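I opened this notebook to record what I looked up in one model, entry by entry.

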Amino acid sequence: MANELFVYNTLIRKKVKFEPLNPPFVGMYVCGPTVYSHAHLGNARPAITFDILYRYLNFLGYKVRYVSNITDVGHLEGDTDDGEDKLIKKAKLEKLEPMEIAQQFMNSYHEDMAALNVIRPNIEPRATGHIPEQIEMIEKIMQNGYAYEANGSVYFDVNTYNTDHNYGELSGRDIEDLISGTRELTSQDEKKSSLDFALWKKADQTHLMRWNSPWGLGFPGWHLECSVMSTKYLGDEFDIHGGGLDLLFPHHDCEIAQSMGGLKCKSVKYWMHNNMLTMNGQKMAKSLGNTITLKQFFTGEHDMLERTYHPMIIRFLILQAHYRSTLDFSNEALQAAEKGYNKLVEAYKTLQSLSSSDKSTVDIKNLEGDCRKVMNDDLNTPMLIANLFEGVKIINSVNDKKETISAEDLSELKSIFDNYLVSILGLKVISSDDKNDDVMDGLMNLILEIRDEARTKKDFDTSDKIRDQLNKINLEIKDGKDGSNWVWKN
Ligand code: ZN
């Protein structure tokens, strides 16, 4: 059937038919950003991948509740439990409230996402707003025997959990290999095993973000917030959990262990992961000095960028690769994407002004089905773009009068582009150069103002001259009740 969506479930490592637990409702959770700094290019890929999934599920008629968290607790850096708290450090340095910094970067993240035309989730719960719920979950995990307190901190007991369950099942890691890969515990260590991870961390006096708990002052472990906030808003069991492949282990494996340990169920039916971005063939990492923020991308202020690229070009480049493939960013790739994007957008504009004939010499009867088929195949956006380019050929041949199109086919073609290009791929139809557009709007408003003044003074020589000269360069002035306006003539 044309409407059957198949998705790749990372947990069982195969593509399966998507069957929600309570159709037509779909619960979807995606790990969101940490708000200690500006969003990076790497943040764009999960955001866009799951934006497409959200848009497509809506298009298919599902009622989706999309939840994505904001990590605003000042966590310790990295996956290990040592290191410095970034948020707190910055707060102290600039004499700011930690929440002030979190808010500042959350606003910045929202700006970046809006530029990329990413739809906001239905709920964006913040970790700091869910401390009692996190404490409650830790208590449940302790009651079930999978966590222990040590010195004011609480750790998840991986070995005990692994006797009843399978720790590392999502990433496919083996617990013996994991143990041999970590350093031996010393007598000073509070943990029973080096694999145990913190559910609650004791905070000392220097720690600004800390809360009361049954174990004293402290703050929750990072993995915990996702288990808690996903199930709070979507129920103990829900449909989709998404995120980047870099979160597979330990974050998502820890989430599975926490949910099973606390709620005694596998919370997630479908685990979905987007692959990573590289920059000029290299992994992006702070240590390699090749990370780049989205803000730098939009303004072109980075050594690696030859110039600025419109956010829609970034979106288009990301969509040109399947979300499960790796994708390399380079100036060449961006410029190629820009050409492709402009071609699509120009064709979309042409489509709006195309006129129909009595009959079609073009054949579009399979186009909608082809678009749907590739999206149903685990969101194959590169193939969808290829199908839309088939549509571009048709648009251009009709526009060049090489072919004709019937009114019925024309309206079908318009609806395909509106649905797949605009609604599902979320590509905003912008001009090749927004700045030029702004200048153009400013100049035209000025000219229209001068013309209106001339008309008020009954200086029709001037007003007609302006109208006629603009006409010669394909601009048409329309005089209406509320003043004059202008359009490009077709
Ligand atoms: Zn998460």
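Which residues in H4 meet which residues in H7? Glu133, Gln134, Met137 and Ile138 in H4 meet Leu224, Glu225, Ser227, Val228 and Lys232 in H7, where contact means heavy atoms within 4.5 Å. I sorted this contact by class and found four nonpolar, two polar and three charged residues; Ala, Val, Leu, Ile, Met, Phe, Trp, Tyr, Cys and Pro count as nonpolar, Asp, Glu, Lys and Arg as charged, and the others, Gly among them, as polar.

Before going further I noted the ground rules. This is a predicted model, in which local features need pLDDT of at least 70 and side-chain atom pairs count only at pLDDT 80 or more, while totals for chains, interfaces and linings use all residues. Residues are numbered from 1 along each chain as its sequence is written, and side-chain values use heavy atoms, with hydrogens and water left out.

**Entry: helix packing**

I looked up the geometry of H4 (residues 131-143) and H7, and their axes come within 9 Å and cross at roughly 105 degrees. The helices (H or I, at least four residues) and strands (E, at least two) are DSSP runs numbered from the N terminus, and the axes are lines fitted to C-alpha atoms, for helices over the stretch in contact, with angles running from 0 to 180 degrees between N-to-C directions. H4 and H7 are therefore roughly perpendicular to each other, given that angles under 35 degrees count as roughly parallel, over 145 as roughly antiparallel, 65 to 115 as roughly perpendicular and the rest as oblique.

I then turned to H13 (residues 381-399) and H14 (residues 407-424), which pack at an angle of about 150 degrees with their axes 11 Å apart, and which are therefore roughly antiparallel to each other. Their crossing is left-handed, a term used if the near helix is turned anticlockwise from the far one by less than a right angle, with right-handed used if clockwise. H13 brings Leu384, Leu388, Gly391, Val392, Ile394 and Ile395 to the contact, and H14 brings Leu413, Ile416, Phe417, Tyr420 and Leu421.

From H11 the contact uses Leu344, Tyr348, Leu351 and Gln352, and from H14 it uses Leu410, Leu413, Lys414, Phe417, Asp418, Leu421 and Val422. The classes in the contact of H11 with H14 are eight nonpolar, one polar and two charged.

**Entry: cavities**

On a 1 Å grid over the protein atoms alone, a cavity is a set of points where a 1.4 Å probe fits but cannot get out, and lining residues have an atom within 4 Å of a point. Grid points are joined across faces, edges and corners, and a volume is the space filled by probe spheres set on the points. By this rule I counted three cavities of 30 Å³ or more.

The largest cavity has a volume of about 110 Å³ and is lined by 14 residues, of which Ile256, Ser259, Ser267, Val268 and Trp271 lie nearest its centre. H7 (222-234), E9 (238-244), H8 (248-263) and E10 (268-274) each give two or more residues to this lining, and the largest share, four residues, comes from H8. The lining of the largest cavity has seven nonpolar, five polar and two charged residues.

For the second largest cavity I noted a volume of about 80 Å³, with a lining of Arg45, Thr49, Ile52, Ile318, Leu319, Ala321, Tyr323, Leu379 and Thr381. The largest share of this lining, three residues, comes from H1.

**Entry: backbone details**

I found a cis peptide bond joining proline 23 and proline 24, with omega about 5 degrees, and proline 24 sits in the loop between E2 (14-17) and E3 (25-30). The peptide bond from phenylalanine 249 to proline 250 is also cis, with omega near 0 degrees, and proline 250 lies in H8.

Terms used. 1 Å grid on protein atoms, 1.4 Å probe; cavity = no way out; pocket = protein on both sides within 12 Å on 5 of 7 lines; lining within 4 Å.
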